[in-house]
Amino acid sequence: MKEIEIIKPDDWHVHFRDDDILKAVIPETTRHFARSIVMPNLTPPILNGKQAIKYKERIKNAIPKAHNFEPLMTIYLTENTDKFELCKSYQEELVFAAKLYPAGATTNSDSGVKDIKKIMPVLETMSEVGMPLLIHGEVTHKEVDIFDREKVFIDQNLDFICKELPELKITLEHITTKEATEYVYEGNENLVASITPHHLALNRNSIFVGGIKPHNYCLPILKREKHRKALIKVATNGSKKFFLGTDTAPHFASDKENCCGCAGIFNASYCISILTQIFEDAKSLKNLESFISINGASHYQLPSNSTKIKIIKKDYPIKFKKFILVGSEKIMIFNPGFKTFWEVKN
Ligand code: NCD
Ligand code: ZN
């Protein structure tokens with residue numbers, strides 16, 4: 001097959017940041033995607049509908065005129081989130097979903113939730129009005145190994161939430177483990193998961209082998225090969241419960257190549273090419289459209305996009321740009337290190 005045509009994709013998890021970074025990174029997403037759920041972890045975070053709407057305006061002003069794109073806004077949950085205000089912001093369509101970050105789990109998550117029980121009344125209200133909950137599913141206890149944080153979160157927190165509130169629409173975001181694939185697969189029908197291109201492309205060796213690789217450092221951290229294989233299986237087998245959320249997370253190269261390098265991989269630019277290659281290698285090109293263009297919309301009860309994109313197979317591997325510039329600072333573009341022959345047609 002030399003060319004495929006699919007419904008235009010959506011990205012159900014992006015970090016656009018703000019100001020100059022926002023302006024620099026946004027075309028990389030809006031070129032290929034029709035809609036995105038936008039993460040609220042700015043500094044300070046987006047805590048209410050009013051802030052979300054202002055941020056949405058800044059995003060809209062940064063979208064290139066030729067691109068047709070809709071940002072879907074989120075609110076950052078804290079132990080002080082007002083359930084009535086949250087619910088009102090959702091019903092007035094100022095925001096689309098709420099994001100749960102366990103305190104300290106990742107970049108800019110200091111104001112996140114320490115004790116899940118404290119936000120159960122908020123989650124109950126969300127469940128009543130049908131507002132989606134997006135979860136960064138990792139515990140942050142010092143004694144838990146960083147590679148086990150997702151599994152422990154599922155056992156200690158997610159299972160509790162799912163049992164208490166089976167009607168709540170939950171996305172366990174950027175899953176990384178076999179345990180997460182199994183829990184979501186077997187879990188209640190309102191529980192789904194998103195998967196990133198980098199967790200499908202790489203295992204944890206890519207952070208360490210041949211020297212430390214700060215540009216492959218993200219959270220949740222990359223895992224063993226058996227986990228990557230489990231992710232490939234559920235992403236490519238056509239299951240409706242799994243879909244793309246790129247977690248494209250730009251940072252300046254100088255902040256990643258640093259004695260305290262920050263977590264996050266900027267993957268928007270070649271995400272579709274990389275995924276198409278992965279699906280072809282898994283002999284599952286027929287399920288690419290479900291994963292990147294259908295399953296997410298259907299979970300969020302949105303129509304699939306009405307336009308299509310073409311992805312063309314070249315005779316030679318495509319050449320990746322290495323970085324984008326923001327002033328004099330570089331943001332490195334994710335390159336999985338294998339040959340990628342597929343290119344989105346403009
Ligand atoms: C994200 C970021 O940089 O904002 N980093 C990451 O490694 N994924 C935060 C997040 O989504 O966890
Ligand atoms: Zn993220």
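Colleague: At what angle do helix H6 and helix H9 pack, and how far apart are their axes?
Modeller: In this predicted model, H6 (residues 178–186) and H9 (residues 225–236) pack at an angle of about 30 degrees, and their axes are 8 Å apart.

Colleague: Why are both values quoted?
Modeller: Two packed helices are described by the angle between their axes together with the distance between the axes.

Colleague: Are H6 and H9 roughly parallel or roughly antiparallel?
Modeller: Angles under 35 degrees count as roughly parallel, and H6 and H9 are therefore roughly parallel to each other.

Colleague: Which residues make the contact?
Modeller: H6 contributes Lys 178, Glu 179 and Thr 181, while H9 contributes His 227, Ala 230, Leu 231 and Val 234. By class, the contact of H6 with H9 comprises 3 nonpolar, 2 polar and 2 charged residues.

Colleague: Turning to the sheet, what is the order of its strands?
Modeller: The open sheet has 6 strands in the order S5-S6-S7-S8-S9-S10, and the pairing is parallel.

Colleague: Which strands stand at the edges?
Modeller: Strand S5 (74–76) and strand S10 (242–244) do; each has a single partner strand, so one side of each is left without a neighbour in the sheet. On average, neighbouring strands of this sheet are turned by 30 degrees against each other, direction ignored.

Colleague: How many bridges join S7 to S8?
Modeller: Strand S7 (residues 133–135) and strand S8 (residues 170–172) run parallel and are joined by 3 bridges. Leu 134 has Thr 171 in S8 as its bridge partner.

Colleague: Which strands does helix H5 touch?
Modeller: H5 (residues 149–164) packs on the sheet and touches S7, S8 and strand S9 (191–195). The direction of H5 makes about 165 degrees with that of S8.

Colleague: And the largest nonpolar core: which residues have the most contacts inside it?
Modeller: Phe 16 and Leu 123 do, in a core of 95 residues. Leaving aside neighbours within four places in sequence, Leu 123 is in contact with Leu 77, Leu 133, Ile 161, Leu 165 and Leu 168. Another core, of 13 residues, lies apart from the largest one and includes Ile 37, Met 39, Ala 97 and Tyr 101.

Colleague: One more residue: where is Arg 204?
Modeller: Arg 204 is in the loop between helix H7 (197–201) and helix H8 (205–208). Its relative accessibility is 22%, so Arg 204 counts as partly exposed.

Colleague: What is Arg 204 in contact with, leaving aside its neighbours within four places in sequence?
Modeller: The partners of Arg 204 are Phe 147, Leu 222, Lys 223 and Arg 224.

Conventions: Residues numbered from 1 in each chain as written. Chains lettered and ligands numbered in written order. Predicted model: local features only at pLDDT ≥ 70, side-chain atom pairs only at ≥ 80, totals over all residues. Heavy atoms only, no water. Core = buried A, V, L, I, M, F, W, Y, C linked by side-chain atoms within 4.5 Å. Buried < 20%, exposed > 50% of the residue type's maximum accessible area, 1.4 Å probe, protein only. Contact = heavy atoms within 4.5 Å. Helix = DSSP H or I, 4+ residues; strand = E, 2+ residues; numbered from the N terminus. Axes fitted to C-alpha atoms, helices over the stretch in contact; angles between N-to-C directions. Parallel < 35°, antiparallel > 145°, perpendicular 65-115°, else oblique. Nonpolar A, V, L, I, M, F, W, Y, C, P; charged D, E, K, R; others polar. Pairing = 2+ DSSP bridges.
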